[in-house]
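I opened my notebook to look a few things up in this structure. Here is what I jotted down as I went.

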Amino acid sequence: MYYFDNAATTAQKPEAVAQAVYNVLSSGTVGNPSRGAHGYALKAYGIVLQAKDDVKALFHCGPEYDVAFTHNSTAALNMVLKGLIHPGDGVLTTSWEHNAVLRPLYQLEAQGVSLAFIASDSPGGALQYDTLEERLTPRTKWFVCNHASNVTGNVLDLPRIKAFCQRHHLGSSSMYPRQPAPSTSTYPMASSRQPALRAISRFAGQAGRAASSSAAMLS
Ligand SMILES: Cc1ncc(COP(=O)(O)O)c(C=O)c1O
């Protein structure tokens with residue numbers, strides 16, 4: 001059998017992951033992280049902190065950033081989109097987006113957010129970058145996009161998107177860690193080890209007119 005539905009729904013889980021989970025669950029010495037000051041709880045919290053540091057290293061995050069774990073990308077996307085975008089805001093997004101982005105955006109649209117889309121070329125699938133400026137409205141405040149299409153594999157021209165966002169004082173978008181991070185990118189994680197909403201509000205405060213998606217944002 002050849003399994004092509006990898007990345008999102010990998011069938012063959014890495015042995016190291018299964019072993020790490022087993023080691024913790026079977027050790028009999030690991031409690032509930034962040035829920036107590038006794039040794040078992042502190043040991044669990046130490047494991048979580050180490051995992052966060054490992055993820056930060058994977059994302060090339062500086063020390064001023066933190067990681068917030070969520071159940072999955074859909075939960076993270078809902079939290080970020082609904083936490084940052086408000087009725088009256090305008091959102092520019094792309095025809096590449098996954099349902100995990102589109103559905104919260106449509107829910108926000110029903111609450112008074114205006115949506116506009118950048119289409120993609122057929123059959124190549126490249127985004128129609130030339131239409132970026134004409135899709136802007138006075139309400140446009142956010143640019144929401146996937147770094148790479150999970151359908152076609154097309155990769156967004158991030159430097160071009162970043163320049164566009166900076167030109168129009170928009171925030172920006174999502175990115176996936178499978179590639180080395182471009183030197184121009186940073187990630188939306190706060191310096192202290194605080195819950196996700198803290199990280200989000202902190203980033204929003206820094207970015208002013210900012211946008212969002214699952215894994216990361218352009219600085
Ligand atoms: C591009 C993209 N975004 C978001 C998701 C949703 O991910 P999750 O299943 O972790 O919620 C997927 C899953 O296929 C995806 O491919």
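What is the order of the strands in the open sheet? First, a reminder to myself: this is a predicted model. I found 3 strands in the order β2-β1-β3, and the pairing is parallel. The edge strands are β2 (114-118) and β3 (140-144), and each of them pairs on one side only.

Next I checked how β1 and β3 go together. They pair in the parallel sense over 4 bridges. Gly90 stands opposite Thr140 in β3.

Then I picked Thr93, which sits in strand β1 (residues 90-94). Is Thr93 buried or exposed? I got 22 C-beta neighbours inside 10 Å, so Thr93 counts as buried; the cut-off for that is 20 or more. Leaving out residues up to four places away in sequence, Thr93 touches Leu105, Leu115, Phe117, Val144 and Cys145. I also noted that Thr93 and Ala116 are 23 residues apart along the chain, yet their C-alpha atoms are separated by 6.2 Å.

Last stop was helix α3 (residues 73-84). At 1.5 Å a residue, its 12 residues should span 16 Å, and the end C-alpha atoms are 16 Å apart, which agrees. Which residues of α3 are buried? My list reads Ala76, Leu77, Val80, Leu81 and Leu84. Seen down the axis of α3, these buried residues fall within an arc of 115 degrees, so they line one face of the helix. A rule I wrote beside that: an α-helix has 3.6 residues a turn, so residues three or four places apart point the same way.

Conventions: Residues are numbered from 1 along each chain as its sequence is written. This is a predicted model: local features need pLDDT of at least 70, side-chain atom pairs count only at pLDDT 80 or more; totals for chains, interfaces and linings use all residues. Helices (H or I, at least four residues) and strands (E, at least two) are DSSP runs, numbered from the N terminus. A residue is buried if 20 or more other C-beta atoms lie within 10 Å of its own, exposed if 12 or fewer, and partly exposed in between; C-beta atoms are placed from the backbone. Two residues are in contact if their C-beta atoms, placed from the backbone, lie within 7 Å. Two strands pair if DSSP finds at least two bridges between them. The expected span of a helix is 1.5 Å times one less than its number of residues. The arc is that of the directions from the helix axis to the C-beta atoms.
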